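Let's take a friendly walk through this structure, one piece at a time. Have a look at the picture, and then read on.

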Amino acid sequence: KKTQDDLEQLILKLLAEAEGDVLKDDSLNETLDQSKKTGGECQERMAIADKAMAEIDGVRETLRPVATRASILYFVVADLAKIDPMYQYSLEFFV
């Protein structure tokens, strides 16, 4: 993204400084070609990233019920000491 922004700034600078026919300016044409290639590469990477994010979201939603049950289990065990003080000590304490 930063590279593309830098190229856009360079293109704007070259267009502002261009005198006469802009089609004959070699550095501007090279910069435009490089920008086109970079844009295509960025689009490919963004498509790959979107696909990966969709896969991650799918896995996250699959594991959400497990996380819910684990949190319930944790808080039940944590609150056992309120029922009976015996539950706040480990088995080794009593042996």
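Keep in mind that this is a predicted model. We begin with Lys82, which sits in helix α3, covering residues 80–83. Lys82 and Gln4 are 78 residues apart along the chain, and 60 Å separates their C-alpha atoms.

Now turn to Thr38, a residue of helix α2, which runs over residues 26–78. Is Thr38 buried or exposed? Its relative accessible area is 11%, and residues under 20% count as buried, so Thr38 is buried. For Lys82 the value is 72%, and over 50% counts as exposed, so Lys82 is exposed. Here are the two side by side:

| Residue | Relative accessible area | State |
|---|---|---|
| Lys82 | 72% | exposed |
| Thr38 | 11% | buried |

Which residues does Thr38 touch, leaving aside its neighbours within four places in sequence? Thr38 is in contact with Thr3 and Leu7.

Which side of α1 is hidden? Leu7, Ile11 and Leu14 are buried in this helix. These three cover an arc of only 70 degrees around the axis, so they lie on the same side of α1. The buried residues of α1 pack against α2. On the face turned away from the buried side, you will find the exposed residues Lys2, Gln9, Leu12, Ala16 and Glu17.

Note on methods:
Residues numbered from 1 in each chain as written. Predicted model: local features only at pLDDT ≥ 70, side-chain atom pairs only at ≥ 80, totals over all residues. Heavy atoms only, no water. Helix = DSSP H or I, 4+ residues; strand = E, 2+ residues; numbered from the N terminus. Buried < 20%, exposed > 50% of the residue type's maximum accessible area, 1.4 Å probe, protein only. Contact = heavy atoms within 4.5 Å. Arc of directions from axis to C-beta.
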